[in-house]
Amino acid sequence: MEILTKAELKNIYRTEYNLFFSRIGKYQTLLKILKKHPDYMTWKYIHQMRKTSYYYGKRKNGPFNSFLYIMNCRKFNNLGRKLGIESGENVFEKGLKIFHTQGIVVNGNARVGKNCRLYGNNCIGNNGITNKCPILGDNIKVCVGAKIIGDIELAEGIVVAAGAVVTKSCYEKNAILAGIPAKIIGYVGEDKIFLD
């Protein structure tokens, strides 16, 4: 997601800050910051991702903006290395939340919709044969150890179960994909799960 204005950047900052800290109060938030809690470090990474994306869009507006893009990109990549995350800056739409950071690899050419949830040890990337990457809809949950690979599309609301490897497109909204290779095993309804 390329961020074009400072107002848009601030809106995204606010939304994603609230995903991590709105329910715990100011005192607990301060403690997480002081202790460099994993939640704080993950939010910091996402915050830097958004800042880098903003300067990515500005980089052609003169050498100073190019410099700011490079410096922000370096900071973004350094944080990613510390946390075990590899991702492009323009992959995720607003509302990204990462629960556990280690082992996350997301190809910079992948595109992921709003409100994505990554639970750790995930891969979203090409299949090693072509450079084409997955396109994921809004409200997708990628559970622990799940992989989404290749030139595929996933509809909104899909849950990719723990350890699943998705190699084919799924256009059915709210499907639960599980297994290797992944197939539909049920659907997510309003606060309910329906298994086949």
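Lys36 sits in the loop between helix H2 (25-35) and H3. Helices here are DSSP runs of H or I with at least four residues, strands are runs of E with at least two, and both are numbered from the N terminus. This is a predicted model, in which local features need pLDDT of at least 70 and side-chain atom pairs count only at pLDDT 80 or more, while totals for chains, interfaces and linings use all residues. Residues are numbered from 1 along each chain as its sequence is written, and side-chain values use heavy atoms, with hydrogens and water left out.

Back to Lys36: phi is near 55°, a positive value in a residue other than glycine. Lys36 is exposed, at 54% relative accessible area (exposed is over 50%, buried is under 20%, partly exposed is in between, with a 1.4 Å probe and protein chains only). Asn139 is another non-glycine with a positive phi, about 60°. Its place is the loop between strand S7 (135-136) and strand S8 (141-142), and Asn139 comes out as partly exposed, at 37% relative accessibility. For background, most residues other than glycine have a negative phi, and most peptide bonds are trans.

## A cis proline

On the peptide-bond side, look at the link from Ile180 to Pro181: it is cis, with omega near -10°. Pro181 belongs to the loop between S13 and strand S14 (183-189).

## H1 against H3

The axes of H1 and H3 come within 10 Å and cross at roughly 165°. That makes H1 roughly antiparallel to H3. Axes are lines fitted to C-alpha atoms, for helices over the stretch in contact, and the angles run from 0 to 180 degrees between N-to-C directions. Under 35 degrees counts as roughly parallel, over 145 as roughly antiparallel, 65 to 115 as roughly perpendicular, and the rest as oblique. The H1 and H3 crossing is right-handed; right-handed means that the near helix is turned clockwise from the far one by less than a right angle, and left-handed means anticlockwise.

On the H1 side, the residues that meet H3 include Leu9, Ile12, Tyr13, Phe20 and Phe21, and their partners in H3 include Trp43, Ile46, Arg50 and Tyr54. By class, this contact of H1 with H3 has 10 nonpolar, 2 polar and 5 charged residues. Nonpolar covers Ala, Val, Leu, Ile, Met, Phe, Trp, Tyr, Cys and Pro; charged covers Asp, Glu, Lys and Arg; the others, Gly among them, are polar.

## H3 against H4

H3 also packs on H4, with axes 8 Å apart and an angle of about 155°. That makes H3 roughly antiparallel to H4. Here the crossing is left-handed. Residues of H3 that meet H4 include Tyr45, Gln48, Met49 and Tyr55, and those on the H4 side include Leu68, Asn72, Phe76 and Leu79. The contact of H3 with H4 divides into 11 nonpolar, 6 polar and 4 charged residues.

Two H3 residues deserve a look. Gln48 lies in this helix and is buried, at 4% relative accessibility. Beyond its neighbours within four places in sequence, Gln48 is in contact (heavy atoms within 4.5 Å) with Asn72, Lys75, Phe76 and Leu79. Thr42, also in H3, is buried at 3% relative accessible area. Not counting residues up to four places away in sequence, Thr42 touches Phe20, Leu83, Ile98 and Thr101.

## The nonpolar cores

The largest nonpolar core has 39 residues, and those with the most contacts inside it are Phe92, Leu118, Ile148, Leu154 and Ile158. Such a core is a set of buried Ala, Val, Leu, Ile, Met, Phe, Trp, Tyr and Cys residues joined through side-chain atoms within 4.5 Å. Two or more residues each come from helix H1 (6-21), helix H3 (38-58), helix H4 (63-83), strand S3 (104-106) and strand S13 (175-178). The largest share, 6 residues, is from H3.

Leaving aside neighbours within four places in sequence, Ile148 is in contact with Cys123, Ile124, Gly125, Pro134, Leu136, Val142, Leu154, Val160 and Val166.

## Gly88

Gly88 is in the loop between strand S1 (85-87) and strand S2 (97-98), and it is buried, at 13% relative accessible area. Not counting residues up to four places away in sequence, Gly88 touches Met49, Phe76, Val106 and Gly108.
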